[in-house]
Amino acid sequence: MRILQKIGLLTAFIAATVLSVPSALANDTATPLEQQLVNKFTEANYSKKGADTCLMCHKKSPSVMAIFNTPHGNTDKGPMAGLQCEACHGPQGKHKGNNEPMLTFGDEFSVEGRNSVCESCHSQEHTPFHDQACSDCHNIHQAELVAEQPQAQCANCHSQQDSAQFKRSTHLGTLTCSDCHNPHEEAPLSINDTCYSCHAEKRGPALWEHSPVTEDCTTCHNPHGSVNDNLLNSRAPQLCQSCHNQAGHPGDVHNSLNGFTQGQSCMNCHSKIHGSNHPSGHLFEK
């Protein structure tokens, strides 16, 4: 779908007296409503009175008037300094009541179409590039943007990660999603680099390195939450035995309770499991 080019290009040059209409406007796959909205941008039939015309009907709506308490409602710069409400919602045309649709950033328009309006000023998208509109996370009419409450907003899609905060061990009691994740970042940090931003003491190099530690912290830890201490994916010895054959150590919690399973289990002896700098620490004991 080429809606991105259609709306984005038109909105970017929205203040020009003559709009250059790209050939990409022809779109056989657009719905009738979507095509009607595209045509409105093409015709550029904007109101001469701007927001005053819109507020004749919408000034009694608290959700509409709230935009004037946000950066987008600044009449000196931004969209309200140009074509005001129509800079984002499109030309009014003959819109009065239900006579003619306006772009409301709902499901009446494709994700690409909605995002193209935002991207005429903002170049960032959600990463990874899900089929998600900017308006799914941001409501520019709210005095406090929804994106400033990231944990609640992210939970709308990432419910499994959000539920982890109720587990025995969790990061979500002290951190918010944006402390580790940047939803607009094109090249996010590696998992380990993200963890090292707080856990610098776990960063190598070490004389004796433990492969899972250097490769991926989440091999052993669930950063969102776990029923086990220290955010471990499972308890030792089961966690260790997911990689290490138990033949050398008969540590079976179901058959015997001994030094291999009690207390810290494997870590009773292998306490430097994240890496050792001791000359005799190849078994992570020192």
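Where is the place of aspartate 131? Aspartate 131 sits in the loop between helix 6 and helix 7 (150-154). The views below come from a predicted model.

**View 1. The whole chain is built from helices and has no strands.** The secondary structure comes to twelve helices and zero strands. Along the sequence the pattern reads α-α-α-α-α-α-α-α-α-α-α-α. The chain has 286 residues, and 31% of them are buried. Contacts between residues at least 6 apart in sequence were considered; 54% of these join residues at least 24 apart.

**View 2. Helix 6 is largely enclosed by the rest of the structure.** Helix 6 runs over residues 111-118. Six of its eight residues are buried, so the helix is largely enclosed. Those buried residues are Val111, Gly113, Arg114, Asn115, Ser116 and Val117.

**View 3. Four acidic residues form a negative surface patch.** The patch consists of Asp107, Glu112, Asp131 and Asp136. Asp131 lies in the loop that links helix 6 to helix 7. Is aspartate 131 buried or exposed? Aspartate 131 has a relative accessible area of 63%. Exposed means over 50%, so aspartate 131 counts as exposed.

Terms used. Residues are numbered from 1 along each chain as its sequence is written. This is a predicted model: local features need pLDDT of at least 70, side-chain atom pairs count only at pLDDT 80 or more; totals for chains, interfaces and linings use all residues. Side-chain values use heavy atoms; hydrogens and water are left out. Buried means under 20% relative accessible area, exposed over 50%, partly exposed in between (1.4 Å probe, protein chains only). Helices (H or I, at least four residues) and strands (E, at least two) are DSSP runs, numbered from the N terminus. Contact means heavy atoms within 4.5 Å. Patches are made of residues with over 30% relative accessible area and no salt bridge: like charges are joined within 9 Å, nonpolar side chains (Val, Leu, Ile, Met, Phe, Trp, Tyr) within 5 Å. Accessible areas come from the Shrake-Rupley method with a 1.4 Å probe; for residues, only the protein chains shown count as cover. A salt bridge is a side-chain nitrogen of Lys or Arg within 4 Å of a carboxyl oxygen of Asp or Glu. Lys and Arg count as positive and Asp and Glu as negative; His and the chain ends are not counted. The place of a charge is taken as NZ of Lys, CZ of Arg, CG of Asp or CD of Glu.
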